[in-house]
Amino acid sequence: MEAARTVDNPLAKHRILFVEDDAALAGFLLRYATEEGFAAEIAPNGPAMREALARAPFDLIVLDIGLPGRDDGYSLAREVKSQHSAGILFLSARDEAIDRIVGLEIGADDYLVKPFEPRELLARIRAVLRRLQPEPAALPPIPQEAAPAREDARKVLRFDDWHLDLEARHLRHRDGSIRVLTAQEFALLAILAQRPGRVLSRDQLLDYASNRDWTPYDRSIDVMIGKIRRKIGDTGPEHRVIRTVRGAGYMFAPSE
């Protein structure tokens, strides 16, 4: 029996088992997952998967459906669901609707068709892992003395030359003009603006934002921050409103 291949990372938060018989693809998945901060292992077939699961627990199994031998992905998924708590993401060349339906009815948490964009696979992996985690602890309450000024009972946050209306969901300049934000940009700005002076890590922002109407991933947070900064004029070598705290995350720190 071909043995599993492992790249361990003692600092990783999550362990992923890729059950994939294509050697080239398996090697890529192992390297990619490791570079993205996961502890990863490859199992080329059902017996190797069982051996890996007997040695250590995994948070997620990325499972190919069309495996060689008597164990296909569907039967292995049923086995995993009956004996383990790991999530399952099917990775398959089968793109018929019935295949997706069967996979999800078995209990898979997601289904991605080959060939795939690596960033999409990464985003789906992180989305599944977030859904499987216990509800994140509530972010610390907003210190009253540090909160931006509010207007009446409408939950309007004021900072610099801007008024962020949490009910009307718009950002208004003091000259009366409205700055157009996408739903995702507004959600992220509101998360930050309600916690001024507090450093929020990317993980905290991901956890909080994924409870809204979008499923972000690490790079989307950075891209969105850049767009918000441009729209509120927070440009230049040193950002005045949304500051980057190197190695820690972002902090909302307007002049007021």
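A polar contact is a pair of N or O atoms within 3.5 Å; within protein, one must be able to donate a hydrogen and the other to accept it, and residues adjacent in sequence count only if both atoms are side-chain atoms. With that in hand, welcome to the close-ups. This is a predicted model, where local features need pLDDT of at least 70 and side-chain atom pairs count only at pLDDT 80 or more, while totals for chains, interfaces and linings use all residues. Residues are numbered from 1 along each chain as its sequence is written, and side-chain values use heavy atoms, with hydrogens and water left out.

**View 1. Helix α1 and its two ends.** Helices (H or I, at least four residues) and strands (E, at least two) are DSSP runs, numbered from the N terminus. At the start of α1, a side-chain oxygen of Asp-22 comes to within 3.0 Å of the backbone nitrogen of Ala-24. The helix covers residues 23-35, and its 13 residues should span 18 Å at 1.5 Å a residue, which agrees with the 18 Å between its end C-alpha atoms; the expected span is 1.5 Å times one less than the number of residues. After α1 comes Gly-37, with a positive phi near 95 degrees. Among the buried residues of α1 are Leu-25, Leu-29 and Ala-33 (buried means under 20% relative accessible area, exposed over 50%, partly exposed in between, with a 1.4 Å probe and protein chains only).

View 2. The structure holds four aromatic pairs. Phe-28 and Tyr-32 form a stacked one, with 5.5 Å from centre to centre and 15 degrees between the planes. Rings of Phe, Tyr and Trp (its six-membered ring) pair if their centres lie within 6.5 Å; planes under 30 degrees apart count as stacked, over 60 as edge-to-face and the rest as tilted. Both residues lie in α1, four residues apart, or about one turn of the helix. Phe-28 counts as partly exposed because its relative accessibility is 28%, whereas Tyr-32, at 14%, counts as buried.

**View 3. Asp-71 and its surroundings.** Look for Asp-71 in the loop between β4 (60-64) and α3 (73-83). Asp-71 is buried, with a relative accessible area of 8%. Its side chain makes a polar contact of 3.2 Å with the side chain of Arg-50. Leaving aside neighbours within four places in sequence, Asp-71 is in contact with Gly-46, Pro-47, Arg-50 and Leu-76, where contact means heavy atoms within 4.5 Å.

**View 4. An open sheet of three strands.** The order is β12-β14-β13, with antiparallel pairing; two strands pair if DSSP finds at least two bridges between them. β12 (199-200) and β13 (242-245) stand at the edges with a single partner strand each, so one side of each has no neighbour in the sheet. Two bridges join β12 to β14, and four join β13 to β14. Tyr-250 in β14 stands opposite Leu-200 and also opposite Thr-244. A hairpin is formed by β13 and β14 with three residues between them, and Gly-247 in the turn has a positive phi of about 75 degrees.
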